Amino acid sequence: MTRKPKRKLPASPSRRDSPLEPYHGHAAPSPAQCLAVRDALLAFHGFPDEFAPFRLLRLGLSPEDEGDQPAPRPTVLDGLVTTLLSQNTTDAISRRAFASLKAAFPSWDQVVDEEGMGLEDAIRCGGLAATKAARIRAMLRGVREKRGAICLEYLRELSVDEVKRELSQFKGIGPKTVACVLMFYLQKDDFPVDTHLCQSCTIKLGVQKPKDVKAVCPLARYCCIKEEIQE
């Protein structure tokens, strides 16, 4: 029996069309369409409580501006570790693992200097404890050796490309993790793209799947919130 030839997806425009837009020549969705979808979702669901702190940071506001109790701004390092713990699990579970880690180790230096299984035990509820513990400890040790102290606040002064170079040197910190830190904790115009989003773009938008998850599709580009919402 003769096999039906596979339907080829339309070729996406070359990146040479624009250094900023991998799909510069793709007409849909337009920025206005993406914003309309965002507004419709906000109207139906309301603003997600878990993103409220990031919205304030994005708008340059403080909790007092909205009548809330003051809360410390999340550090870049806390954000990176939280994102690492969120790999291959849910947000609720990763938050529980991060809270357990902070309760067991009041300082990051203690995490680096501890030689037992304390870190692994603290984050066990988040899954893949051995792998995540090794990556977190190696990253913290690398930061301390390079900077003299375990702190990543200096990243706030760097460009997006510079932050990517700084964080990508650590094992287990890939493009998606870096993009999450950039968008949520550094308030930069970057957007995490994973295989699920790429698949959705392939099926629903008719564009070819990017070969590199660092490529940003039109939907991701215009959903990268530039005004008031982070997701």
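The axes of α3 and α4 come within 8 Å and cross at roughly 130°; axes are lines fitted to C-alpha atoms, for helices over the stretch in contact, with angles from 0 to 180 degrees between N-to-C directions. The model is predicted, so local features need pLDDT of at least 70 and side-chain atom pairs pLDDT 80 or more, while totals for chains, interfaces and linings use all residues. Residues are numbered from 1 along each chain as its sequence is written, and side-chain values use heavy atoms, without hydrogens and water.

**Exercise 1.** Classify the orientation of α3 and α4, and list the residues that meet.

*Solution.* Step 1: take the crossing angle, roughly 130°. Step 2: apply the classes, which are under 35 degrees for roughly parallel, over 145 for roughly antiparallel, 65 to 115 for roughly perpendicular, and oblique for the rest. The two helices are therefore oblique to each other. Step 3: list the contacts (heavy atoms within 4.5 Å). D78, V81, T82 and L85 in α3 meet S94, A97, F98, L101 and K102 in α4.

**Exercise 2.** Decide whether D78 is buried or exposed, and find its contacts beyond four places in sequence.

*Solution.* Step 1: locate D78 in helix α3. Step 2: compare its relative accessible area, 18%, with the cut-offs: buried is under 20%, exposed over 50% and partly exposed in between, with a 1.4 Å probe and protein chains only. D78 is therefore buried. Step 3: leave aside neighbours within four places; D78 is then in contact with F98, K102 and W108.

**Exercise 3.** Compare the span of α7 with the expected one, and state what its buried residues pack against.

*Solution.* Step 1: α7 covers residues 129-147, which is 19 residues; helices are DSSP runs (H or I, at least four residues), and strands are E runs of at least two, numbered from the N terminus. Step 3: the buried residues of α7, among them I136, M139 and L140, pack against α3, α4, α5 and α6. Step 4: just after α7, G148 takes a positive phi of about 90°.

**Exercise 4.** How far apart are Y185 and R73 in sequence and in space?

*Solution.* Step 1: Y185 lies in helix α9 and is buried at 12% relative accessibility. Step 2: Y185 and R73 are 112 residues apart in sequence and 9.1 Å apart, C-alpha to C-alpha.

Note on methods
The expected span of a helix is 1.5 Å times one less than its number of residues.
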